[in-house]
Amino acid sequence: MRQRTIRAKLVTALGGVLLVAAACSSSTASGGAGATVTVIGTWGGDEEKAFLQMVAPWEKTTGNKVKYTGTRDINQILTTGVASGVLPDLAGLPGPGQMAQWKASLKPLDTVLDTAKYKEETAKTLVDLGTIDGTIYGVFIKSAVKGLIWFSPKAHDYSAAPPKTWDELTTQAAANKGSAKAIWCMGLESGAASGWPGTDWIEDLVLRQAGPAKYDEWWAGKLKWTSPEIKKAFETFGQVVANTDGGSNTILTTAFQTGGDALFKTPPGCEFHHQASFITGLGAFKAAKAGTDYNFFPFPDIDPQYTGAIEGAGDLFGMFHDTDAAKSLMKYLVTAPAQDIWVKIGGALSANKNATSYPDDIAKRSAALLQDAKIFAFDASDKMPSAMNNAFWTAILDYVKDPTKLDAILTNLDKIQVDAYKPA
Amino acid sequence: MDPRLITAFIVVIGVPAVLFGYIYATEIVLRIVPEHRRAQVRPWLWLAPALAFLFVFLVYPTIGTVIRSFQDQAGAAFVGLENYLWFFGSEDAIVALRNNVIWLILLPLLTVGGGLIIAVLVDRVRYETVAKSVIFVPLAISMVAAGVIWKFMYDYQQPGQPQTGTLNGILAVFGIDPIPWITVDAFALNTVALVVVMAWMWTGFAMVIISAALKGIGAELLEAARVDGATELQVFRRIVFPLLLPTIAVVSTTIIITALKTFDIVYVMTGGQFDTDVIALLMYKEMFSFNDFGRASAIAVVLLLAIVPIMALNINRFRAQEAIR
């Protein structure tokens, strides 16, 4: 008798588990209206808030939900995701290189987007970067201009006659130094990606010293790191480091977000800070007033034959599951009204030409730079294989730490280049 | 219903139910077995789930990893020892190996040494519990959080600026220039700085275990020594320390394995830059950042081979101790 009751209890308990399991599976399978789209991106903090504001109108009209997860380790998460098949619906992709690598897992977007309109509203370079063999796999949700030089108009206003060439910049910087402690400010600390702001420096220098053809050869692994073009860029960067506030110890321990904050100190720590357009949403820039507290001029030319070269970057987005809700969200994200929302909040440039609600003159000017660029080069390190990119970051840190080791650093990069570009 | 609630239900009701169900089912199975064999079969049936888990999640992946370590990046072809040759020929790997050796020697020294001293010192004071709790608390903090906390401790501002880092703040009081602790690679100072973070966490662990062993030493033994005229130092050296030795050995091996597996603190604090890389982080990068599963597997095998002797030592000692009992 007693045994029977125990058995009955066990059966009820097991039945309960089965029931719960059934309820669980049915709740995830439900689709249609009120579906959830999972999104993984690199944005956190204010950027995450901006993205959520950007998708809010879409959630309202469709009744669907966006479940966003921000992570610094997107490359690692997606690498394992592609291998195991557990993937979000939409995800930010680290770069065009990874997009090509994950092509088999990504869904083609040609039929998802209003392709004709997308191509018309987006810069051709960006469209091309998201295309593999004529098929669109990635789109840009926002973009940034790299290599802007920021200054404080209160210390010296360069906006009337910005230096046109690198030599002019050097002479003007010396003449207008005033009470500033150094010419440049720099911060390279960025967690596991420490060093990347320095790669932007090298890229800007290579692009303007050696030209876009060499630039393309370089990121494609066809130009050696020990070649004179790249070495020269490192040496020019070395002069910048030598004239940076606080020297290498400060550069290496300062976070990139606050790297330019010394511009606003009294007396200023430096005259210039070299950073992409998104710095206006970070550090002391966020609280400062555009135009009066800070302003920028584009990176000056070095070799006149490459005038008008601009380096840009952007946040590439791809789709791993083609559910109706995911498709609808993807279609929405590339439109001008969607991108306008983020643009209005600030800190981002749109990838869509028709999203132009920039909050201030500075954002408007940097967007124009991107649209009107004669030569548009995408961030070289983002296009390199990750092993090369990683070694590039380390090389920047090692070089800033001890510039006398340049030859050894470049030789080591050559070694890694041979290894990183060999076909898998 | 909230999916988390469902998960909670499954865990709270489902897991015990499955366990009872399994034991119940084994008894049914045992009815087929002849009476006199049942006692022999029962333990194996009870062990079976654990063995199955062990095989699926430990043995099978280990074999898979060893096989994978002889394959190329895509896992398409066997490349012999190429991944291992790459590992021992790469400068980064040699630096990582060197750092692991530093971790291996320094961490047990700091934690076991510190734990022993603290355990002995607080043994006879009135506020022993309070003192031990304070030392033990850091172990409850996650390694990532400890890394973030110590990043503030090691913070650097250029000379002349207010020092926000605790250590440099102290140096500033004495008029000494600040030191960028985690970027100084001379004498592997930054690696030592990272070891200190881990030691801060694990000293409490060593202390608690050693302290428990200390309580187990009979008071009459110590009394007898004192009556015979031994000084306190002699009592410690000749009686307490030898009796603690087996415990110290067990704690040391545990800490040594922790040192070999170091990952979180290095990842959070330096990302392996400035020559602070360790083997586990190197493996992580090869696998998840560079997508080279062949090389990552080779590193994992090297790490495994390094740990095996220490594990063997630990098990041997454990067996010897059991034998004494």
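A salt bridge here is a side-chain nitrogen of Lys or Arg within 4 Å of a carboxyl oxygen of Asp or Glu. Keep that cut-off at hand for two of the stops below. The model is predicted.

**Stop 1: one salt bridge inside chain A**

Select A:Lys286 and A:Asp46. Their closest N and O atoms are 2.7 Å apart, and the pair forms a salt bridge. Between domain 1 and domain 2 of chain A, the rule finds 1 salt bridge.

**Stop 2: the two domains of chain A**

Colour chain A by its domain assignment: domain 1 is 2-144 + 314-371, and domain 2 is 145-311 + 382-420. A distance drawn between the C-alpha centres of these two domains of chain A comes to 32 Å. Next, show the residues in contact: 16 from domain 1 of chain A and 22 from domain 2 of chain A. Together the two domains of chain A bury about 1500 Å², with 62% of that area on carbon and sulfur atoms.

**Stop 3: the domain 1 side in detail**

On the side of domain 1 of chain A that touches domain 2, the elements giving two or more residues are helix H4 (96-101) and helix H14 (361-372) of chain A. H14(A) gives the most to this side, with 5 residues. By residue class, this side of domain 1 of chain A holds 7 nonpolar, 5 polar and 4 charged residues.

**Stop 4: chain B against chain A**

Now display both chains. The contact draws 31 residues from chain B and 37 residues from chain A. About 3200 Å² is buried between chain B and chain A, 55% of it on carbon and sulfur atoms.

How many salt bridges does the rule find across the interface of chain B and chain A? There are 2. To view one of them, select B:Lys151 and A:Glu189, whose closest N and O atoms lie 2.9 Å apart. Polar contacts across the interface of chain B and chain A number 11 residue pairs, both residues at pLDDT 80 or more.

**Stop 5: the chain B side**

Select helix H1 (3-30), helix H12 (279-289) and helix H13 (293-324) of chain B, the elements that give two or more residues to the side touching chain A. H1(B) gives the most to that side, with 7 residues. Colouring this side of chain B by residue class shows 15 nonpolar, 11 polar and 5 charged residues.

Conventions
Residues numbered from 1 in each chain as written. Chains lettered and ligands numbered in written order. Predicted model: local features only at pLDDT ≥ 70, side-chain atom pairs only at ≥ 80, totals over all residues. Heavy atoms only, no water. Contact = heavy atoms within 4.5 Å. Buried area = accessible area lost by both parts, 1.4 Å probe. Polar contact = N/O pair within 3.5 Å; in protein donor to acceptor, adjacent residues only side chain to side chain. Helix = DSSP H or I, 4+ residues; strand = E, 2+ residues; numbered from the N terminus. Nonpolar A, V, L, I, M, F, W, Y, C, P; charged D, E, K, R; others polar. Domains from an automatic or database assignment.
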